[in-house]
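Keep the sequence and the model in view.

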Amino acid sequence: MDLDRDLFSWFHGEGVIAVLPDESAEAPVGGYFALRVSDQAAAERGMQQLSELAEDLAGIRFQATSLGRTQVQAVEEGDLFFGYGFNGNDLVIAVGRQAMEAAFGAEQKLASFATYTNALKALPSPNSGIFYVNLNAARDLANRLGSDPVDPDTEQRLAPFRAITSSGTVGIDNRGAVRGTLLLSIEP
């Protein structure tokens with residue numbers, strides 16, 4: 001496998017990493033990485049080569065799996081799911097069936113969250129990437145996974161904080177610094 005030709009030639013563009021709760025008993029957290037590819041045919045060939053390499057080296061075999069009307073390649077064993085597929089021009093690599101379904105639009109889209117869309121308006125454009133955490137969802141997940149309940153006083157103090165979003169400008173300025181923006185969404 002030639003990494004420059006078989007992977008890096010199409011492996012660039014906008015990317016998203018999402019960490020999501022999962023109903024699986026074995027893995028309560030899942031997630032996905034979505035990357036805009038410049039050449040989908042080359043990306044499909046590259047992912048096929050990686051799949052063959054995984055099978056040759058570790059005996060891991062990807063198989064066609066249906067998610068509604070969408071076909072993805074996945075390894076499934078019990079509640080464990082790892083797979084990849086193409087959603088338009090995006091390559092999606094997911095851990096957890098629910099995460100893969102979310103990436104393909106079966107769940108609520110990120111753009112439907114006002115805290116996210118409002119933050120995008122305030123961030124520099126172009127930027128070097130965006131870091132976004134839906135704090136309500138993060139607290140819900142922490143409460144689900146935690147063995148000790150959160151103190152009600154602490155929960156009340158944290159409740160107004162809805163999201164945190166951060167981004168940096170592209171490149172380094174003339175003083176050798178990278179500039180960034182950090183936004184905290186608060187609801188009274």
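Q: The backbone nitrogen of which residue lies 3.0 Å from a polar atom of the side chain of Asn 134?
A: This is a predicted model: local features need pLDDT of at least 70, side-chain atom pairs count only at pLDDT 80 or more, and totals for chains, interfaces and linings use all residues. Residues are numbered from 1 along each chain as its sequence is written, and side-chain values use heavy atoms, with hydrogens and water left out. The side chain of Asn 134 has a polar atom 3.1 Å from the backbone nitrogen of Asn 136. At 3.0 Å, the residue is Ala 137.

Q: Is Asn 134 buried or exposed?
A: Asn 134 sits in strand β7, residues 127-134 (strands are DSSP E runs of at least two residues, helices H or I runs of at least four, numbered from the N terminus). Buried means under 20% relative accessible area, exposed over 50%, and partly exposed in between, with a 1.4 Å probe and protein chains only. Asn 134 has 18% relative accessibility, so Asn 134 counts as buried.

Q: Which residues is Asn 134 in contact with, leaving aside its neighbours within four places in sequence?
A: Contact means heavy atoms within 4.5 Å. By that test, the residues are Phe 113, Arg 162 and Ala 163.

Q: What is the relative accessibility of Thr 165?
A: Thr 165 belongs to strand β8, residues 161-169. Beyond its neighbours within four places in sequence, its contacts include Leu 123, Phe 131 and Leu 183. Thr 165 counts as buried because its relative accessibility is 0%.

Q: What is the relative accessible area of Val 29?
A: Val 29 is found in strand β2, residues 29-36. Val 29 forms a nonpolar surface patch with Ile 17, Val 19 and Leu 145. Val 29 is partly exposed, because its relative accessible area is 32%.

How values were computed:
Patches are made of residues with over 30% relative accessible area and no salt bridge: like charges are joined within 9 Å, nonpolar side chains (Val, Leu, Ile, Met, Phe, Trp, Tyr) within 5 Å. Accessible areas come from the Shrake-Rupley method with a 1.4 Å probe; for residues, only the protein chains shown count as cover. A salt bridge is a side-chain nitrogen of Lys or Arg within 4 Å of a carboxyl oxygen of Asp or Glu. A polar contact is a pair of N or O atoms within 3.5 Å; within protein, one must be able to donate a hydrogen and the other to accept it, and residues adjacent in sequence count only if both atoms are side-chain atoms.
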